[in-house]
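Please have the sequence and the model open while reading.

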Amino acid sequence: MTGVYLYDPTVFSVVSTLVPSGRGELEITDVNNHYVDAGEMEYDITAGYWGDAGESIDAYYTVNDRVRRHGANKG
């Protein structure tokens, strides 16, 4: 899933209650599930271009070239 997560400072009290997963890591899904269970999860869909520049160096260059040509917030 591609997205950006934004949390207010209370997220740190949620993170402090997490138990590492089977992979030995704290999982962002557990943070999100806390907010879903509390009825506090919200979302928004933004218009514009999204490119995964972290996938590979080629993807990074592709995203940068597209933004240079078309701008960051133009579909």
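**Exercise 1.** Is leucine 6 buried or exposed?

*Solution.* The model is a predicted one, in which local features need pLDDT of at least 70, side-chain atom pairs count only at pLDDT 80 or more, and totals for chains, interfaces and linings use all residues. Residues are numbered from 1 along each chain as its sequence is written, and side-chain values use heavy atoms, with hydrogens and water left out. Buried means under 20% relative accessible area, exposed over 50%, and partly exposed in between (1.4 Å probe, protein chains only). Leucine 6 has a relative accessible area of 76% and is therefore exposed; this residue is found in the segment before helix 1.

**Exercise 2.** Locate glycine 48 and classify its accessibility.

*Solution.* Glycine 48 belongs to the loop between helix 2 (28-37) and helix 3 (57-70). Because its relative accessible area is 37%, glycine 48 is partly exposed. Along the chain, glycine 48 and glycine 71 are 23 residues apart, while their C-alpha atoms are separated by 9.2 Å.

**Exercise 3.** Find the separation between the C-alpha atoms of leucine 6 and threonine 17.

*Solution.* These two residues, leucine 6 and threonine 17, are 11 residues apart along the chain. Their C-alpha atoms are separated by 19 Å.

Terms used
Helix = DSSP H or I, 4+ residues; strand = E, 2+ residues; numbered from the N terminus.
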